[in-house]
Amino acid sequence: MGGARASASVVPPADRFEWFLETVTNEVMPLSLSSDRRGDFHADIQDMQVGPVALSAFEFSPMRAWRSMRHIRQGDPEGYQLVLVTQGNFRVSQSGRETLVAGDFILTDTSSPMLTECLSAGDPIHALTLQIPRTTLPLPPRRLEPLLVHRLPAQKGATAILAAFLRTLHAQAAHCGTEALLSMGFATVDLVTACLAQHLHALDEAPVEARSQLMLQRILHFIEHNLGDSDLSPRTIAERHNISLRTLYTLFDGESDSIAGVIRRRRLERCHNDLACPDMDHRTVQMIAARWGFTNPASFSRSFRDTYKTTPSEHRVRARQHRETDTTQQARH
């Protein structure tokens, strides 16, 4: 469990391209690379094992990658790569199909030859890559075959939720313990399964756990975007998602917080951030609390104090003092 970061900046510029090729070959799978930027190649890799899957964040200069039958014989993880291209473009060719992807997902098979051209107008290319063992996904290969090398839009619906989940997982994994990461890994598999099944118009073929994970993430996404609504409650959430209150509560049985606890915690976190933000200095404590759905000032102050062991006003004063100290120290230097 956990994660590791590696950057080509630790090696001389002339060796960075070869460093990247060797790292990807050893850590992901054998392949060949070429680039017009070999002389000033840039690369940064962050890897983490999350339960049964591996999540990698890549940042690199434009290049061309290909994987032949020779590479496959040298080493094959026998799985799928689900790539979210967050900056730049991927042109992927595999099994007679070719797709250009920017800002979306693409699913490929590690056991088939593949050509990938990673293109950019000048900025580094960024991508999140999920390595999924074939035996981990409950959907059989014959069902997934129609999705291979097809652009899977990540701007709305289930795949937008998956994209947000993977970004958060990448950003917060370092703050998670071993057991939490293991749990997140299985949740990732369930969510990927549900998303792929939905694209196949076969969500009913996905296991119950996968469908439940998709619904849970939808609800968490909904909560995140409606924290400022003072009427946000378990009942309104259940009604909005056409499920019963009992079903809603069941979805949160395995979570560390109840649904009411999630709403309260995320509201408090937003208030905590705003109170420390200089752009919010013109707003009163009560205005910030109301902005995030707290309608009772006394209840807000009590919840804030119980959570952060300080009052909202004390937190704001301390944040201002820290900023003033930092400004003074910077001026001295």
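## The largest pocket

In this predicted model, the largest pocket has a volume of about 1,200 Å³. A pocket here is an open set of points on a 1 Å grid over the protein atoms alone, with protein on both sides within 12 Å along at least five of seven lines. Its volume is the space filled by probe spheres set on the points, which are joined across faces, edges and corners. There are 31 lining residues, and Thr-168, Met-184, Gln-217, Leu-220 and Arg-265 are the closest to the centre; to count as lining, a residue needs an atom within 4 Å of a point.

Which elements give two or more residues to this lining? They are helices H4 (157-172), H5 (178-199), H6 (208-224) and H9 (259-275), and H6 gives the most, with seven residues. Helices (H or I, at least four residues) and strands (E, at least two) are DSSP runs, numbered from the N terminus. By class, the lining has 15 nonpolar, ten polar and six charged residues. Nonpolar covers Ala, Val, Leu, Ile, Met, Phe, Trp, Tyr, Cys and Pro; charged covers Asp, Glu, Lys and Arg; the others, Gly among them, are polar.

## How H6 meets H9

The axes of H6 and H9 come within 10 Å and cross at roughly 40°, and the crossing is right-handed. Axes are lines fitted to C-alpha atoms, for helices over the stretch in contact, with angles from 0 to 180 degrees between N-to-C directions; right-handed means that the near helix is turned clockwise from the far one by less than a right angle, and left-handed means anticlockwise.

On the H6 side, the contact (heavy atoms within 4.5 Å) is made by Ile-219, Leu-220, Ile-223 and Glu-224, and on the H9 side by Ile-259, Val-262, Ile-263, Arg-266 and Arg-270. These residues divide into six nonpolar, no polar and three charged.

## The second largest pocket

About 340 Å³ of space lies in the second largest pocket. Of its 23 lining residues, Glu-27, Gln-49, Ala-54, Ser-56 and Gln-131 lie nearest the centre. Elements that each supply at least two lining residues include helix H1 (16-27), strand E3 (43-50) and strand E4 (53-60). The lining has 13 nonpolar, six polar and four charged residues.

## A five-stranded sheet

Five strands form an open antiparallel sheet in the order E2-E5-E10-E7-E8; two strands pair if DSSP finds at least two bridges between them. At the edges are E2 (32-34) and E8 (97-101), each pairing on one side only. E7 (residues 89-94) pairs with E8 over five bridges, and Ser-93 has Glu-98 of E8 as its bridge partner. H1 packs on the sheet, touching E2 and E5 (63-67), and its direction makes about 155° with that of E2.

H5 gives the most to its lining, with four residues, and the lining residues include Val-192, Cys-195 and Leu-196.

## Reading the numbers

Residues are numbered from 1 along each chain as its sequence is written, and side-chain values use heavy atoms, with hydrogens and water left out. Because the model is predicted, local features need pLDDT of at least 70 and side-chain atom pairs count only at pLDDT 80 or more, while totals for chains, interfaces and linings use all residues.

Terms used: On a 1 Å grid over the protein atoms alone, a cavity is a set of points where a 1.4 Å probe fits but cannot get out, and a pocket is an open set with protein on both sides within 12 Å along at least five of seven lines; lining residues have an atom within 4 Å of a point.
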